[in-house]
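Please read them with the structure open beside you.

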Amino acid sequence: MKNRLEKLVNAKAENVLESAKVEYSFLPGNTAFPLVISPAYTGLILTEWIKKNKDLLKDKLHRHGAILFRGFEVDTVEKFENFINVFDTSPLEYKQRSSPRYEVAKNIYHSTTYPQDQHINMHSENSYAQHWAMKIIFCCIVPADEQGETPIADNRRVVDYLSPSTRQAFLNKGVRYVRNISGEVGLSWQEVFQTEDREKVEAECAANNMEFSWEDKDRLVLSWNGKAIHNHPDTNEEIWFNHAFFFNKYAYTEEVLAAFGSDADLPFNTCFGDGSEITKEEIGEIRSAYQKASVIFPWEKGDVLFMDNMLMAHGRNPYKGDRKIIVSMLR
C-alpha cells in the first residue's frame, strides 16, 4: 500500500512538473478552441514534452478539438517530420484525393495547390470516404503576406446550429456523393487513386462500396452513400462529419456553375442518401452553421495546429504572397 501511494504521489508530482513547462491560453475572444500551448521557458523541445504527455494531450484534444502549438519554432519540413514521428502511428498516405497536393516528405504534403485567390469551403478531411484520418496536423513554414488563414469549426457546434428538421433529414437519410472524374476539370482518375491500373481502381471502389462507371478511358463516374452525422468513437458526442456541403452544387460559385452544361457534368455533387435534393436553403443553413461554429486566426511562422479530424472542420481563406502550410494525417 505504501509503495502504491508513493507511486501515485510521484506520478502526480511529475504531471505538475510537466504542466509547469508549458503555458495554456486561448486566442483573443475565444475560450473553447483552439487551446494554445506555448513553452514556459526558452529551449523547451516540443517533441520531448509530447513524449511524456501523450495522455494529457489526448484528453485536451478531445475536450477542445484543436490545439495550437505556438512558440516552439517548428518552422522547417524536417522539424515537422520529427514532430509527426513522435506519435505511435505512421502518417497516412493521401488517398482518394479530391484536391491537388504534392508531397514534401514521406506522407507530408503541401496543404493544397488550389488557386490562392479563392476560398476553400469548410470540411473535415476525407469525411466522404469509408476510411479517414482521426488526426490532421498543419504546420506553418511560411505565413502569407495577406490573409491565408485556416478557419476551423467545431463539428459538435455545427450540429447544434442546424434546425431540428435539417438535422433529422441528414440523420435519417445520410448523404449520396456523385463524382465525375474526367481530368479536364479537377484531377484525373490516375491521380485520385494513385495508380495507372484500372483494375486496381475497380477493386478499391468495390472495397469501399462505391458504384463506378467508365464512360470512356479517361472519364470515370462514381457514386456512393455515407453517414452525415456520426458519434465520435472516443467521446460519443454527436458530430457533423461529411462532405455534403463541400461537394454540393450550391456551394459552387455562380461563375463555376455557369461553366458546366448540367449537374451531370459537375466534378462533384451531393444529394440525400435516398436521391432527393439537398435544397439551396439547406446548403445555406449548413454554411451559416459552419460560420457560427468557426474561429479564424492569423498564422505565425512555426505554428503547429493539431486537430481531431472528426471533431473539427477546416477551410482556407484567399491569400497573397508565398504561403507554405504543410499537413500530415494520422489514424
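1. Arg316 is found in strand β18, residues 312-316, where strands (E, at least two residues) and helices (H or I, at least four) are DSSP runs numbered from the N terminus. Arg316 is buried yet has no salt bridge, and the nearest side chain of opposite charge, that of Asp117, is 6.3 Å away. Buried here means under 20% relative accessible area, exposed over 50% and partly exposed in between, with a 1.4 Å probe and protein chains only. A salt bridge requires a side-chain nitrogen of Lys or Arg within 4 Å of a carboxyl oxygen of Asp or Glu, and in assigning charge Lys and Arg count as positive and Asp and Glu as negative, while His and the chain ends are not counted.

2. A polar atom of the Arg316 side chain does lie 2.7 Å from the backbone oxygen of Gln118. Leaving aside neighbours within four places in sequence, the residues in contact with Arg316 (heavy atoms within 4.5 Å) include Tyr114, His119, Glu149 and Arg323.

3. The model is a predicted one, in which local features need pLDDT of at least 70 and side-chain atom pairs count only at pLDDT 80 or more, whereas totals for chains, interfaces and linings use all residues. Residues are numbered from 1 along each chain as its sequence is written, and side-chain values use heavy atoms, with hydrogens and water left out.

4. Helix α10, residues 280-292, has 13 residues and reaches 18 Å from its first C-alpha to its last, close to the 18 Å expected at 1.5 Å a residue, the expected span being 1.5 Å times one less than the number of residues. Glu282, Ile283, Ile286, Ala289 and Tyr290 are buried in α10. They cover an arc of only 115 degrees around the axis, which puts them on the same side of α10; the arc is that of the directions from the helix axis to the C-beta atoms. Glu281, Gln291 and Lys292, on the other side of α10, are exposed.

5. In helix α8, residues 198-207, the buried residues are Val201, Glu204 and Cys205. Seen down the axis of α8, these fall within an arc of 100 degrees, so they line one face of the helix. Their cover includes α7 (189-193), β11 (211-216) and β12 (219-226), while Glu199, Lys200, Ala206 and Ala207 are exposed on the other side of α8.

6. Just after α8, Asn209 takes a positive phi of about 55 degrees.

Note on methods. Polar contact = N/O pair within 3.5 Å; in protein donor to acceptor, adjacent residues only side chain to side chain.
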